[in-house]
Amino acid sequence: MSRAGLAGVVVMAVAFTNQGAAQDRPLAADFEAVYRVGGLNAPEWAFFRGRAPTGFDAAGNLHVLDSQFPQVVIIDPRGQLVRTVGREGEAAGEFDAAADLFVWRDGRFVVADRGQNAYHVFSPDGELERYVRMGGGNGPFSTLGNERMRIRPDPAGGALIAQGMPSVLGNMLSGMLEEVAELLGESADAPEAGVDDRGLERLDLAGDVVTTTPILQAWRVPPMETGEEIGIDDVSDPSTFARITNLIRYFEPFMTWDVLPNGTIAYSDSTAYAIKLAGPAGAGIDVLRRPFQAEVVTDRIRKATIDRELRRMEEEMESADQETAALADLRRQRIDAEREAAAEREFYPEIQVVRGVAATWKGGLWIQRRAEEPWEDNGPIDVFGPDREYVGTFAAGEPGMPAAFGPDGLVAFWEFDELDVPTIVVKRLPEEVR
């Protein structure tokens, strides 16, 4: 295509995008505040240490995983403490390295424990129901096949819906794992997840060990050549990290998804504004669209993106001055290698429109679009009702995507003060956006 032709495409894309924005139906984000928990002067149980995993049950109780204490804090709809569950330890019901929390509607909840390579399943009153091993044995690489990009509770209960991990990194690291295993006298065989980052599977927690069932395979971006395997000697080579990073193009579209109350899966897997709906078994049902087109990546965008990466590296280089001499030198070598590779990293030709998908308690959808800059995710949020009809759009940053949706319009947001101390703010949505 000629330069003039490409310019025409860009103008048409921008015009179409602006046309879609002009068709936005503005929504007010002045939600009723129900309670606030946390902050600098909070009681010990509410002094959270960061943006923690959260989830509501059908009674409106908010569950929060404090992974550093570690415990699950359960808060009633008035903002009062119901109970805390769990403590540090290596036994069933105790947390070695609590990593995530999943809450089912009936009040049962699950804590994923990477240290024990297991799921702790609790009853609504906080008693341990089951201790479910993730599988893969007890070797040094036993947890590798159990890592997931994202996990959501299955609305039917008793299971989780999980997105796999990218396969490209595992392929490159396989040689290094074999070398490390040989040095340790262990097996390098790690359990393989049933799907990668473009697929979903159901994790059944009914038994003593997790069983997995593939559900859905999304559209896959044509992969780049992975190149040679990485060996143990490559770990000390500063260029290794840059080689891994360059396997993913700038603006390469990612999969974002959530599960509706009836088990329907809503997901976006391309640059287009196309929210695909699939049944609990993965069969396609419908596609929700709005008149937004992916922006073509221009020379200006390429330059701005690379300049941004170089600025980020410069800021990281400044922080290296606060480290020991040896660590600082290693960091500088790595950043120098990344700086050289930044301009060589390939670009995907379009910029993804949809950046986030979240299901409401009643079965609506909140769809977050990109912001003004192509690398910013926190753009406007389109709301679709349970009937799949477009309701309206919240402006960028107002209110932002909730950490959790609950019954009766309850939603939880994280706020941080000037000292970065977190507070949970629970609000109530008006009926039209639930």
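**Charged pairs**

Mentor: The count comes to 29 salt bridges, a salt bridge being a side-chain nitrogen of Lys or Arg within 4 Å of a carboxyl oxygen of Asp or Glu. This is a predicted model, where local features need pLDDT of at least 70, side-chain atom pairs count only at pLDDT 80 or more, and totals for chains, interfaces and linings use all residues. Residues are numbered from 1 along each chain as its sequence is written, and side-chain values use heavy atoms, with hydrogens and water left out.

Trainee: Which residue forms a salt bridge with Arg428?

Mentor: The closest N and O atoms of that pair are 3.9 Å apart. The pair links distant parts of the chain, 396 residues apart, with Arg428 in strand E26 and its partner in strand E1 (residues 32–38); strands are DSSP runs of at least two residues, numbered from the N terminus. The partner is Glu32.

Trainee: Why does Arg249 count as buried?

Mentor: Buried means under 20% relative accessible area, exposed over 50%, and partly exposed in between (1.4 Å probe, protein chains only). Arg249 meets Glu252 in a salt bridge (2.8 Å, N to O), and Glu252 is partly exposed at 23%. Arg249 counts as buried because its relative accessible area is 13%.

Trainee: What is the nearest side chain of opposite charge to Lys427?

Mentor: Lys427 also sits in strand E26 (residues 422–428). Lys427 is buried yet has no salt bridge; Lys and Arg count as positive and Asp and Glu as negative, while His and the chain ends are not counted. At 4.7 Å away, the nearest side chain of opposite charge is Glu415.

Definitions and conventions: Helix = DSSP H or I, 4+ residues; strand = E, 2+ residues; numbered from the N terminus.
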